[in-house]
Amino acid sequence: MKELVKTPFITALLTKAAGPDVDLNKLHVFEVRATSTVPLRGKKGTIFERATISPHTISLLAKSVNEDAVPLMMDHELDGAPYGKFFYAESVPMESGDIELRGYIYVDDSEEVILTKLETGSIDEVSIQFLSSHMLCSECGFDYFEAAANDNFLPLMSHTCEQGHVIGREGVHVRLVGVEEMIELSLVSRGAAKNSKIIGSSDAMLGESAQRLAASGVDVRNDYYCTASINDEGVNDVDFKDLTAKLTALTDDKIDLATKLVAAEAQVTALTSDRDSEKARADSAEAQVTKLTEAAATASQEAEGVPTSETVTAMSALIGKNYVALKALDGEADANVPEDITEAVKFIEDNQARLSALIPAGGVTVQAGGSQGNLTEGQKKLQIAQVSAFKSN
Ligand SMILES: [Zn+2]
């Protein structure tokens with residue numbers, strides 16, 4: 001049985017929180033450990049990684065709850081009607097030396113499912129949501145919220161204070177100090193704060209001192225009782241929606257610029273490619289013109305009956321042989337063909353008679369000084385024609 005029996009203390013508190021006209025029998029009360037000064041768990045990688053709530057802040061949270069009961073929600077969903085209220089809280093020393101925020105919640109009679117889950121332990125944890133006044137670097141006291149208030153969001157985004165202390169490294173964390181706004185207490189499957197949970201009635205401990213004090217005439221609603229509350233989803237209270245929107249806008253700008261850059265690069269590439277292909281086309285055309293010019297020259301030469309280079313070479317070789325042969329007749333056994341072939345031609349013409357004598361009829365070689373009559377008239381003409389043809393060139 002986790003539901004608490006309504007003591008006079010609880011009844012007094014309920015009457016204050018719900019109003020005098022409410023049938024208190026329809027409100028079911030449970031004791032909760034809402035949070036403590038023990039470092040928050042399950043926040044790895046966030047600005048709240050191992051964040052701590054100062055003892056004074058715990059008392060301020062409790063004060064806030066006692067002044068104005070907080071809606072009891074489910075999983076921090078703020079839509080819809082509350083299931084009840086977090087209507088009383090105290091700050092209580094723990095055995096470890098930490099301070100915890102204990103309190104009472106009530107759940108409406110109509111919430112049968114919730115009541116069953118609370119009794120069976122299916123729901124046995126709570127998580128508080130509040131906005132602290134300050135978020136301080138544990139090392140140097142740099143205030144992240146103050147920086148954000150001055151439009152400097154970089155520390156919050158980078159999890160790094162201006163002194164370079166990085167949250168999550170070497171034990172650096174934030175300390176939540178002060179209460180800006182108390183939002184709600186939620187029933188959750190797993191609370192943000194270590195040991196935040198619904199307390200069984202056998203372990204309930206609140207109210208004993210209060211009842212004693214009430215019996216002695218002390219107003220239990222005053223600030224004598226340190227009250228406290230916890231933070232779970234404080235990250236939402238830093239207006240991260242706004243931050244995210246700004247970051248998104250920046251990213252969009254970046255993407256836009258990158259897109260334009262890529263387009264410009266593509267255009268440059270296309271233009272360069274066009275230029276290269278135009279140049280290649282021009283080079284190709286030029287080469288073709290050269291080739292056609294050469295072909296045209298050759299064709300022109302052939303058309304005019306000009307001997308080809310092969311013919312000239314063959315004729316030069318023949319003239320050379322005749323020249324050497326004539327020189328041999330003159331006793332120059334190792335005469336060289338003059339570089340200017342026309343000299344050789346002239347020499348052969350001057351010695352034509354002797355040359356005729358050298359060329360035998362029927363291709364038979366004769367000794368120097370042989371009969372000139374051995375060369376037929378046709379052969380002589382051919383020889384002369386060849387020499388003349390060369391000379392005319
Ligand atoms: Zn710092």
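Helices here are DSSP runs of H or I with at least four residues, strands are E runs of at least two, and both are numbered from the N terminus. With that in hand, let's start.

This is a predicted model: local features need pLDDT of at least 70, side-chain atom pairs count only at pLDDT 80 or more, and totals for chains, interfaces and linings use all residues. Residues are numbered from 1 along each chain as its sequence is written.

The protein chain has eleven helices and eight strands. Its mean pLDDT, the predictor's confidence in each residue from 0 to 100, is 77. Of its residues, 73% reach 70 or more. Two stretches stay under 50. One is residues 209–238, where the model has 88 contacts beyond four places in sequence. The other is residues 363–372, with ten such contacts. A contact means that two C-beta atoms, placed from the backbone, lie within 7 Å.

How much of the chain is buried? Buried residues make up 30% of the 393. Buried means 20 or more other C-beta atoms within 10 Å of a residue's own, exposed means 12 or fewer, and partly exposed is in between, with C-beta atoms placed from the backbone.

Now two backbone angles. Most residues other than glycine have a negative phi. His159 has a positive phi of about 55° and is not a glycine. His159 sits in the loop between helix H5 (154–158) and strand S7 (174–188). Because it has 20 C-beta neighbours inside 10 Å, His159 counts as buried. Arg50 also has a positive phi, near 55°. Its loop runs between strand S1 (27–36) and strand S2 (52–53). Arg50 has 17 C-beta neighbours inside 10 Å, so it counts as partly exposed.

Next, Ser133, in strand S6 (residues 125–137). Beyond four places in sequence, Ser133 contacts Val177, Gly178, Val179 and Glu180. Ser133 and Glu181 are 48 residues apart in sequence, yet 8.2 Å apart in space, C-alpha to C-alpha.

Last, a helix pair. The axes of H8 (residues 309–329) and H9 (residues 341–350) come within 9 Å and cross at roughly 55°. Axes are lines fitted to C-alpha atoms, for helices over the stretch in contact, with angles from 0 to 180 degrees between N-to-C directions. So H8 is oblique to H9; angles under 35 degrees are roughly parallel, over 145 roughly antiparallel, 65 to 115 roughly perpendicular, and the rest oblique. Among the residues making the contact are Tyr323 and Leu326 of H8, and Phe347 and Ile348 of H9.
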